[in-house]
Amino acid sequence: MAETLAPSATADTAASPSRTVLGACPHDCPDTCALVTTVRDGVAIKLQGNPAHVHTGGVLCTKVSRYIERNDHADRLVQPMKRVGPKGAGQFAPVSWDEALDDIAARLGAIARRNAQAVLPYSYAGTMGLVQGESMDRRFFHKLGASLLDRTICSTAGGEAMNYTLGGKVGMRIEAFAESKLILIWGSNSIGSNLHFWRHAQAAKRAGARLVCIDPRKTETADKCDEHIALLPGTDAALALALMHELIVHDWLDHDYIAQHTLGWDALRERALQWPPSRAAAVCGVPEAQIVALARDYGTTRPAAIRLNYGMQRVRGGGNAARAVACLPALVGAWRHRSGGVLLSSSGVFPVDRAALQRPDLLAGRRPRTINMSTIGDALLDAANPVEAIVVYNSNPVAVAPESAKVAAGFAREDLFAVVLEQFPTDTADYADYLLPATTQLEHWDIHTSYGHTDVLLNRPAIAPRGEARSNAWVFRELARRMGFGEPCFSDSDETLCRSAFAPDAIDFAQLEAQGFTSVRLPEAPFAQGDFPTPSGKCEFFSARLAAQGLDGVPDHLPNHEPAGSSAEFPLAMISPPARNFLNSTFANVTSLRAIEGEPLLEINAADAASRGIENGAMVRVFNARGVHRCRAEVSRRARPGVVHGMGIWWRKLGFDGTNVNELTSQRLTDIGRGPTFYDCLVQVEPL
Ligand SMILES: Nc1nc2c(c(=O)[nH]1)N[C@H]1C(S)=C(S)[C@@H](COP(=O)(O)OP(=O)(O)OC[C@H]3O[C@@H](n4cnc5c(=O)[nH]c(N)nc54)[C@H](O)[C@@H]3O)O[C@H]1N2
Ligand SMILES: Nc1nc2c(c(=O)[nH]1)N[C@H]1C(S)=C(S)[C@@H](COP(=O)(O)OP(=O)(O)OC[C@H]3O[C@@H](n4cnc5c(=O)[nH]c(N)nc54)[C@H](O)[C@@H]3O)O[C@H]1N2
Ligand code: SF4
Ligand SMILES: [Mo]
């Protein structure tokens, strides 16, 4: 035990010369930047983007350029702690690692002997690292036979839509956007959340490309595009179908590409012809002429590219909408050119050996139940199928999961044993029975893929862990030992886990070690000759796999669960997009970044504010049948009439009344992918 508690051997013991350590940004961001940390006397003194990595280009976002401030924050958790106050009060006393781990192993073991499925691991992408996010933890819970977690909270509606349509999370290469002549930025605030893509979009613009932003909010990105289409939330499929309608009636189609490389054209054609621009204009709440003009641009500009992002799939019909958009490039043959097509996520191109990392074989034929993380509130309050223990890491569900009053009530259950691995005292940490201090990216090993570009990155520890912080993999290794799990895989070190993430020869590991990153070998224009990784090898306008589930095989517009304008009581549609200086709820506690964001804000259009007597800067009450949230109103040109923006995601305890926007969001799910519907939410607003 004593040796494993010693600071890692990577600590700098030399006196003064500084050295640099190559790493990777761990955050849930498509850009996966390459980092260079300068270390002197064991202290991280500078963190920069790696100029040698083309996708990073030496530039980091504001958030991560403050990573050392976050790492060295006075509130970092530095020792294991045990609850001493009421559930949720965040009152703890320090304990030794041995005491904490012995007790946790004993309690999880006792539950597992009766009913292993009563144990639930809850994790997401606090770090995107394959080692600290999906290796030893998965092995541990597989061996235990714990409930499986359906990791839906972000991207499954759109991700599965891409699977059904294109055959995977695949598409254009991000750098190819720089040579596009028309770019639709669809459901994404690139400047805020995909900064390194925005560089390519700007390069394209300088070379004469036209940029169109499709987003209910007039974002910083919309400000800088040639055109902004401010559609109502959850109406993207109607817009996409109307574009198809125009492509058909003006014959801006690539008949040859459609005939050779697509499936279900007749059915899609029939569906699209039901969506003249006038009909879509009424549904989307935008001028008909804007739709007609966009269709002309898309039908007549080569090459045309679509940067689709997850902002448009957090509504009931999010899966169908992503499918509709993903059909567009095949209609005009955009895929023939490397700078034409669509990209939602590139994560499907990486040959990760997940079986080696996660070892699902340790389930040994058992088939535990699966719990959807997006409905964790209901799951924790379900007395018929109880969750008796929850182990949370890489996530802050009390702040980020929908309908948070129920999530908080679930975590407050006296009979729930909660273990939280965290770097900081988050809203979720407050509910822990044991709160275990986690290392940061500067302190542990990891290996990363990306969902924006197509490189693999290695992260070496730059400094020793602060205090007694330990990596997630270390904690699960130690728990496995205490539970008597004898398989040799439970002894793999974090560095060994890095090396087992890819099969030998799948990537150039020597290059990865030498320069910190290596590219996956890929074709320039992936679908120029068809060859989609679908069952048919074609772009599937019609999906037999969806039809087999009793769903519509052809994409259509599905109105929101809570359509704008459908309720007199709650007349405003609320979306809750990310704040630029937070990453989900991460960084909300970093003083310098919170200073930029100020306070929890609701952006509201001047007309909607005036009719309610709300002045700019006034405190307001935002509410619906699920809850009430107090915040400050900003009368803003960014908001269109009928739509308000509750900027996310604050820690509840840093808000005005101990709530955040998720007090208002619902646990209803998407059409495809069982995803959350954060942006499908009606509210009313009144001055306080
Ligand atoms: N700074 C920052 N960067 C981030 C994040 C963050 O929290 N902060 N989050 C990261 C994460 S987890 C993710 S998943 C990625 C992906 O990022 P996304 O989840 O796509 O987030 P954004 O790019 O901000 O795009 C959301 C945009 O979608 C718009 N939107 C909302 N509803 C609709 C709709 O119905 N239709 C359309 N067309 N647009 C809609 C919002 O107004 C917002 O501008 O970003 C990552 N990057
Ligand atoms: N209303 C609303 N809600 C949303 C969204 C929205 O747009 N609107 N966005 C949704 C989306 S897209 C997502 S992806 C989810 C994200 O939800 P989460 O995945 O829960 O993301 P974060 O809030 O960033 O919390 C991640 C936590 O992991 C911790 N962490 C980081 N690295 C490590 C580590 O190595 N070890 C351990 N033990 N902990 C670590 C961080 O300190 C942080 O507290 O939120 C969703 N919720
Ligand atoms: S959050 Fe995104 S843009 Fe910022 S450093 Fe990390 S990967 Fe790069
Ligand atoms: Mo996300």
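Predicted model: local features only at pLDDT ≥ 70, side-chain atom pairs only at ≥ 80, totals over all residues.
Visitor: What surrounds ligand 3?
Guide: C25, C29, D31, T32, C33, L60, C61, V64, H196 and L583 surround ligand 3. Here, near means a heavy atom within 4 Å. Residues are numbered from 1 along each chain as written, and ligands from 1 in the order written.

Visitor: How does the shell around ligand 3 split by class?
Guide: Seven residues are nonpolar, two polar and one charged. Ala, Val, Leu, Ile, Met, Phe, Trp, Tyr, Cys and Pro count as nonpolar, Asp, Glu, Lys and Arg as charged, and the others, Gly among them, as polar.

Visitor: New topic. Which residues lie nearest the centre of the second largest pocket?
Guide: Y124, E134, R138, R151 and R354 do, out of 41 lining residues. A pocket is an open set of points on a 1 Å grid over the protein atoms alone, where a 1.4 Å probe fits, with protein on both sides within 12 Å along at least five of seven lines; lining residues have an atom within 4 Å of a point. The lining has 16 nonpolar, 16 polar and nine charged residues.

Visitor: And the domains? What are their bounds?
Guide: Domain 1 is 172-343 + 526-548, and domain 2 is 572-687. These bounds come from an automatic or database assignment.

Visitor: How many residues touch?
Guide: 26 of domain 1 contact 20 of domain 2, with heavy atoms within 4.5 Å.

Visitor: Which three residues of domain 1 supply 34% of the area it buries against domain 2?
Guide: R217, R314 and R316, more than any other three. Buried area is the accessible area (1.4 Å probe) that two parts lose on being put together, summed over both. Totals for chains, interfaces and linings use all residues, while local features need pLDDT of at least 70 and side-chain atom pairs 80 or more.

Technical notes:
Heavy atoms only, no water.
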